[in-house]
Amino acid sequence: MSPPALSPLPASLKANPRLSQWLAIHTDGTVTVRSGKVDLGQGISRALSQIVADGLGINPERIHMAPASTACSPNEGVTSGSLSVQDSGSALRHVCAHARAIYLQAAATALGITGVDAEEFTVSDGQISSSASPRSTSYWKLASDALLDVDAVAQTSPHPAPAAQFVGLPLARNDIERKVLGVPSFIHDLSFAGMLHGRVVHPPSTQAELTRVDLDQVRARPGVVSVVRDGNFLGVVASGEFQAVQAAAKLAASASWQETARLPDVDALGHFLRQQPLETSLVGEKTVQSAVAPEPGAQHFAASYSRPFLAHASIGPSCALALFTPASSPKSPQGSQEDSLEVWSHTQGVFNLRADLALLMNMPARTISVHHSEGAGCYGHNGADDVAADAALLARSVPGRPVRVQWSREDELGVAPFGPAMAVDLQAELGANRHIVNWQHAVWSNGHGLRPGRGTIPVLLAGTLLEKPFAPQVAVNAPLANGGGAERNSVPLYDFAQWRATSHRLLTMPVRSSALRSLGGHGNVFAAESFMDEIASAAGVDALEFRLRHLGDARAREVLQLAAQKAGWAARNDAKPNGHGFGLAVTRYKNTGAYCAVVARVDAIRELKVTELWIAVDVGLVINPDGVTNQIEGGAIQTVSWVLKEAVQFDTTRITSTTWETYPILKFSEVPQVAVHIINRPDQKSVGAGEATHGPVAAAIANALFDATGVRVRDMPFTTERLRQAALAQ
């Protein structure tokens, strides 16, 4: 058999080269696949199973996608940035190609065949045959863990492999039915023998100091097993969940806190962001000459845009379970002389969480296991890691008993990390030929990353509350090569003759913030695509034509033209009712990911309503079109909620938007019609779809609002009061 063609290993596989970490073939006709990425409800389990099915030549229903666990999964870092199919998918392609080659060699030996190339074997749902032998065998007959206990090598290629049978098909997810029918599926449903229930009483504001609390009256309550105080960290453990809730309420009522007024004016965040100590960095630039002189006759444009702090606002609050087992326990692993900790969490990075738990608990990482269990839909750094830390600390007070901790709605909206507020200043010069000749983009924001596992100090909330606290850290931005943070999508997509993008990261952090879906891409694309419309309008040029004259990227042009065509852009003004408007926007997420163009239609007669969205997307090779559509629809609807309603509220001391009444989200009755049109490119690598919509949907709504009313709103959310203020200002 000829050796596989040369192909370098994907980064995830290079970091985790053992094939058995990724794949196990069993004698019962099933295959276990272990990815380091977790399913947050985005459906990657189905997409990855389709890649594996084609790679091995088996039916997807034979595949079990094992939840990520530090005990047995490859370490692929954090599930973020729309990278799961791109990173884990490419790794699994190579794993399956190598595994297939190994099993075909084993089949040749078992069938007594020599001198036959892999291409001459046929694999049909795991059955292996060759015209060189009247006999056949199968993966299941040959199954042996030892066969895959080898490292992947750079010579392994995704070929030879069968023609795609399952990649590209809209195969239904296999998790929806049980969720619809109410079958226990989430971390909140987990239950272990002897399980106790915990609740944590969080400080009412950042840096509040506990001055008094009555622990004894809480310990005396029925069902209370443990009451924990460690500095400003307060929690209870009880036999029943309601007993824990009641005990926590009693504990909170008995506590007194010293608070400090340290939060900025919530109505002047743009000014605040620009006045803080900053770290300024050049994101990128293109210049024609060292000293740029204004073009004679050029028109100058300038505008500022902003978004507020945003909450994750998952429907289900964060939850975790933990079991602390001391070395002296009979249940401790045989021969172990160390304490151990086992945690079940809906974290987006099991290995990252383990690293911070090791620091928090002062335990070696090898003694801690973290298992992923699906929680409420979330994209970004929400409360999942923090509640896991709460559970671990409370579990240590009741050794040998599993403890389940669930946050309240107030916890979820009040103390989980928020998406950072952003302010964006744009300037441009429009030449006499109605082309932009210079573009300047500057963004002010906290960093968009404060995830666990990336430093020597844990960033878990509980760690800052202990008697011997870990210092609160300030959020940072990922390198632009990895997608960036606040500066994400600040580099223009358009072919401007000159441009410059600058990022100003705050070195203070009044409101705890970290990664939220699309990171800076939401605010930057909202600003840039709104600004493009403003310039086009001033120049008297159609918004679509204006973009196309600056856009050389053929794939970007195609999604833009497709969205416009599906929306009937050319005829949009024919018999259009007063108070209705259309707007469009386009982006390439992270400048390296999915292309996405959006046309929005709004009704702005009595209040602003988004009625229709037409979206065209190019994610390269489409693994599962239904999954892509789900992700695009979900991202678009979430963005409508951000644009119309969402903003974290606070006074000078506390977060005040801790209920659905004070932090409203889009209602089902307000969801627009969403039409998704996918351009499949089998010759291109697959990229993620989950975060591509947030910037262009926001800008398309702003542009449609202007089309409907003549009012330009540059600050989100577009509440009725903000629209009124914008109208008065103009």
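**An aromatic pair**

Phe192 is partly exposed, with a relative accessible area of 28% (buried means under 20%, exposed over 50% and partly exposed in between, with a 1.4 Å probe and protein chains only). The model is predicted: local features need pLDDT of at least 70 and side-chain atom pairs pLDDT 80 or more, whereas totals for chains, interfaces and linings use all residues. Residues are numbered from 1 along each chain as its sequence is written, and side-chain values use heavy atoms, leaving out hydrogens and water.

The rings of Phe, Tyr and Trp (its six-membered ring) pair if their centres lie within 6.5 Å; planes under 30 degrees apart count as stacked, over 60 as edge-to-face and the rest as tilted. By this rule there are 11 aromatic pairs. One of them joins Phe192 and Trp344 in a tilted arrangement, with 4.8 Å from centre to centre and 50 degrees between the planes. Phe192 belongs to the loop between α6 (176-180) and β7 (196-201) and Trp344 to strand β15 (residues 340-345), so the pair ties together parts that are 152 residues apart in sequence. Trp344 counts as buried, at 15% relative accessibility.

**A second pair and a cluster**

Phe309 and Phe650 form an edge-to-face pair, 6.2 Å centre to centre with 65 degrees between the planes. Phe309 is in the loop between β13 (299-307) and β14 (319-325), and Phe650 is in the loop between α16 (625-644) and β24 (673-679); the pair therefore ties together parts that are 341 residues apart in sequence. Phe309 is buried, with a relative accessible area of 1%, and Phe650 also counts as buried, at 6%.

One aromatic cluster is formed by Tyr305, Trp439, Tyr494, Phe496, Phe526, Phe531 and Phe718.

**The surroundings of Gly400**

Gly400 has its place in the loop between α11 (384-396) and β17 (403-406). With a relative accessible area of 23%, Gly400 is partly exposed. Leaving aside residues up to four places away in sequence, Gly400 touches Leu323, Phe324, Pro326 and Lys331 (contact means heavy atoms within 4.5 Å). The C-alpha atoms of Gly400 and Ser329 are 7.5 Å apart, although 71 residues separate the two along the chain.

**The chain as a whole**

The chain contains 18 helices and 24 strands (DSSP runs, numbered from the N terminus: helices are H or I with at least four residues, strands E with at least two). Along its principal axes, the C-alpha trace spans about 80 × 80 × 50 Å. Buried residues make up 58% of the 730 residues. Among contacts with a separation of 6 or more, 77% come from residues 24 or more positions apart.
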